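The following paragraphs lead the reader through a contact between two protein chains and then through the surroundings of one ligand. Please keep the sequence and the structure in view while reading.

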Amino acid sequence: MEKFDAIVVGAGPAGCAAAYTMAKAGLTVLVLERGKYTGAKNMWGGAFFGPVMGEIFPEFRKEAPVERFINRHIISFMTKEDCLSIDFKSYHGDEGSSPGFIMLRAKFDRWMSTKVEQAGAILATGLEVTDFIFDGSRVAGVKVGTEEFPGNVVILTDGANSLLAKKAGLRDDYKAPDLKQGVKEIIKLPREVIEDRFGVSGSEGVVMEFVGACTKGLPGGGFIYTNQESLSVGVVVQLSALLENNVKASDLIEDFKEHPSVRPLIRNGETVEYSAHLIPVSGVAMMPRLYSGGILVAGDAAAMVLGTGLILEGANLAMAAGIAAGNTVIGAKALNDFSALALSQYESLLKESFVMKDLQTFRRAPHFLENPRIYNDYPEWTCAMMRGIFNSTGKARRNILEVVKESMKGKIGLMQLVGDTLKARKAI
Amino acid sequence: MEIIVCIKPVLDPDLPPAKFTVDGKKNEVIPPEGVPFVMSPYDALAVEAALRIKEAQGGKITVLTQGTKYAEEIMRKALAMGADEGVILSDPAFEDSDGFGTAHVLAQTVKKIGKFDLILCGRQAADWDAGVVGSLIAEYLNIPVVIRAKSIEVLDGVLKIERISTNGSEVFELGLPALVTLSSEMGQVRIPSGWGIISAAKKQVPKWGATDIGTDPSQTGAAAAVNRLVKLYVPVYERKCEMVTGKDPAEAAARLTEKILAIKP
Amino acid sequence: MKIEDKLSLNKFDIDREVHIRVDEEKCKECRLKPCLYACPAECYVERGGRVVFSYEGCLECGSCRFSCKKGAIDWVNPRGGFGISYQFG
Ligand SMILES: Cc1cc2nc3c(=O)[nH]c(=O)nc-3n(C[C@H](O)[C@H](O)[C@H](O)COP(=O)(O)OP(=O)(O)OC[C@H]3O[C@@H](n4cnc5c(N)ncnc54)[C@H](O)[C@@H]3O)c2cc1C
Ligand code: SF4
Ligand code: SF4
């Protein structure tokens with residue numbers, strides 16, 4: 001039976017980046033993906049940030065199936081009836097300097113996996129890896145049901161729901177407080193309508209994030225991203241908070257769509273897909289062992305997700321980690337040594353890259369973001385303050401400071417505010 | 001046994017309608033981008049039937065598909081299931097051919113291959129459901145054809161075919177070479193194994209164009225199409241529900257009967 | 001929009017093999033039934049005080065797996081190629 005240099009489990013951003021890196025270096029690579037086609041099982045918000053895409057695929061601007069380049073961020077605090085937004089537009093020239101771009105997974109994954117095949121890797125879809133072949137304690141390949149596929153190294157990039165990381169002895173199962181659940185609808189609208197409603201044209205795009213009533217005050221948020229001819233509308237909530245408060249994400253997304261500030265944006269749109277996925281959000285605190293004999297783990301399967309509150313970054317970290325894993329295996333192959341010691345190079349490469357640096361910098365963010373005041377009191381307060389400022393009651397007006405004080409009454413103590421601000425400075 | 005199987009990529013016929021758009025102006029279906037087409041499910045039955053015959057008595061299976069986008073994808077699938085070889089028929093001259101043009105292309109390919117005992121096709125493609133290509137290939141090659149087969153057996157060079165008819169089934173016997181189209185009553189289609197997919201990925205699949213197979217340019221492409229698509233639209237189903245009641249079931253039934261009888265065809 | 005209507009927009013290749021099994025004996029002793037709030041596809045519903053589970057609309061998110069403290073949920077992915085397929089994602 002043929003033995004591959006490397007077997008990659010899962011063809012998401014992490015797996016594709018790893019496979020592409022290795023195949024280009026001439027290694028024999030097998031990529032196994034459980035979806036009927038690549039992307040079939042995957043969903044996300046949709047914003048890709050940072051330069052890593054260009055580093056691995058310099059041609060991506062011409063080729064990648066980008067929906068829109070982000071030039072407008074809107075952050076909103078919402079109560080049941082109000083919505084206070086910060087609207088940041090950036091017209092710093094062309095697509096080239098855009099801070100990020102929006103994609104949909106079906107197209108994105110297919111594009112990446114086609115690249116991987118063109119580089120010489122074998123991609124096999126519709127195959128769910130169920131177990132490993134072990135040689136002593138070392139991983140020596142994978143099993144798909146009764147079929148065996150031997151390989152020198154297995155790169156585990158099977159995403160948030162990895163059952164295999166546990167089987168390989170790299171970690172325990174994730175826990176509900178460390179996970180967020182995301183649900184999303186794709187809502188179809190004509191391109192012109194999207195451009196008019198969101199104030200964009202051509203390839204410009206908008207990322208909107210909402211905090212507050214959209215999650216009934218539970219840790220998380222709502223989002224709307226503009227695609228070419230549809231909107232991605234969704235809600236992300238801490239899983240344990242759903243369970244403890246008897247709240248369903250399927251209800252939250254319905255309420256979100258009905259919110260007076262959201263309804264006009266999606267009016268007359270046709271929902272064409274409903275999806276859900278988990279996100280590991282506790283960063284370094286929940287990270288597993290990243291390697292052992294014959295195996296490396298990257299991406300969501302290793303909790304490499306950066307949540308700073310406003311945005312979620314996982315795809316870019318996954319790709320960077322995939323590249324690092326790929327390069328580690330290239331080095332190991334040159335020495336024909338696939339032991340844990342040889343693969344420890346992976347951790348060093350990750351530490352040098354932005355992956356571990358950013359996760360370290362924001363290591364306090366996950367805990368800070370569990371603070372319920374962010375999702376309840378602050379949206380209530382800021383919106384009450386705005387109401388106070390704009391409300392003409394016919395009586396003599398008070399000055400703004402009084403309005404601010406009044407709006408804080410019974411909601412937030414001054415000391416709490418100071419404390420949270422300090423914590424925020426440390427965490428994010 | 002030399003078996004030739006013809007397959008076609010189609011938009012997954014089970015896709016919910018929300019996933020694609022019908023452009024009524026251009027008479028076009030716009031599929032979701034990034035989602036590969038599948039082998040037409042009836043054609044997959046033809047591949048399955050070929051594999052069963054091969055398993056019973058040996059032979060070689062060659063798969064043909066005409067098309068550009070996703071032809072490679074479904075060809076690899078057929079090879080992964082266990083077919084031996086494949087040829088992709090691709091040429092700008094073939095594009096937008098109708099059933100007649102496609103049958104011409106496939107018949108010319110079979111002539112070029114030369115040696116064959118049996119040709120298998122799906123009873124119809126799961127996109128337009130025209131169901132003419134199989135019969136036309138047989139016509140062009142001047143060989144007998146049986147359509148909508150439920151099972152095929154080959155005994156001492158004689159084909160025994162059970163075929164679906166309006167009132168049940170019919171059994172035919174005929175000599176080789178022949179062409180048979182397969183119907184869903186044939187049963188389950190196998191799922192390719194992992195190693196099947198790997199060996200399929202490594203196979204070379206030649207691409208043949210008009211000059212390779214010697215097609216007649218006046219018989220392929222949009223200009224040669226015998227069928228013209230006049231209107232493509234999503235039908236609107238109107239459903240009305242009327243509750244028929246009565247003081248007892250007998251009265252309700254009597255009223256219902258009256259209403260049914262009053263409906264004029 | 002009702003959940004059934006949303007799920008009907010999705011493409012499922014439903015396997016005859018069930019991929020998630022719920023041990024209803026254990027559910028009898030379960031008061032809070034957190035699984036009801038875990039599932040974004042509402043595959044877990046309460047009927048007459050009992051939790052009834054159906055796997056057909058499963059979006060394979062894995063949430064229910066982390067919800068049940070009684071170990072009543074036996075969770076794996078559907079066989080390769082089966083289950084949900086997204087066209088947009
Ligand atoms: C609602 C939501 C919004 C998000 N928004 C953003 C965003 O805007 N920007 C951003 O950068 N990130 C975002 N993320 C995070 C991002 O999607 C992930 O971090 C990223 O996809 C991780 O990539 P990965 O390759 O590690 O895993 P995945 O993308 O999950 O890929 C894993 C692959 O492995 C396959 N697989 C799993 N198990 C097996 C098996 N046993 N055998 C074979 N194949 C298997 C899966 O089918 C899948 O294709 C979001 C996530 C969610 C859920
Ligand atoms: S949480 Fe577990 S034990 Fe309780 S009802 Fe749900 S599946 Fe049953
Ligand atoms: S995996 Fe997700 S969608 Fe499937 S039953 Fe569990 S919670 Fe519901």
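Six salt bridges are counted between chain C and chain A in this predicted model. One salt bridge joins A:Lys36 to C:Asp13, with 3.0 Å between the closest N and O atoms. Polar contacts also link the two chains: 28 residue pairs are counted between chain C and chain A, with both residues at pLDDT 80 or more.

On the side of chain C that touches chain A, the elements giving two or more residues are helix 1 (3-7), strand 1 (11-13), helix 3 (35-38) and strand 6 (83-85) of chain C. Sorted by class, that side of chain C comprises 19 nonpolar, 11 polar and six charged residues.

The extent of the contact can be described by residues and by area. Chain C contributes 36 residues and chain A contributes 45 residues. Between them, chain C and chain A bury about 3,500 Å², of which 51% lies on carbon and sulfur atoms. Within chain C, the residues that lose the most area to chain A are C:Tyr37, C:Tyr86 and C:Phe88, and together these account for 23% of what that side buries.

Attention now turns to the ligand. Which residues come nearest to ligand 3? There are 13 residues around ligand 3, and the nearest of them are C:Cys39, C:Cys58, C:Cys61, C:Gly62 and C:Cys64. By class, the shell around ligand 3 consists of 10 nonpolar residues, two polar residues and one charged residue. In this grouping Cys counts as nonpolar and Gly as polar.

Note on methods. Residues numbered from 1 in each chain as written. Chains lettered and ligands numbered in written order. Predicted model: local features only at pLDDT ≥ 70, side-chain atom pairs only at ≥ 80, totals over all residues. Heavy atoms only, no water. Near = heavy atom within 4 Å. Contact = heavy atoms within 4.5 Å. Buried area = accessible area lost by both parts, 1.4 Å probe. Salt bridge = Lys/Arg side-chain N within 4 Å of Asp/Glu carboxyl O. Polar contact = N/O pair within 3.5 Å; in protein donor to acceptor, adjacent residues only side chain to side chain. Helix = DSSP H or I, 4+ residues; strand = E, 2+ residues; numbered from the N terminus.
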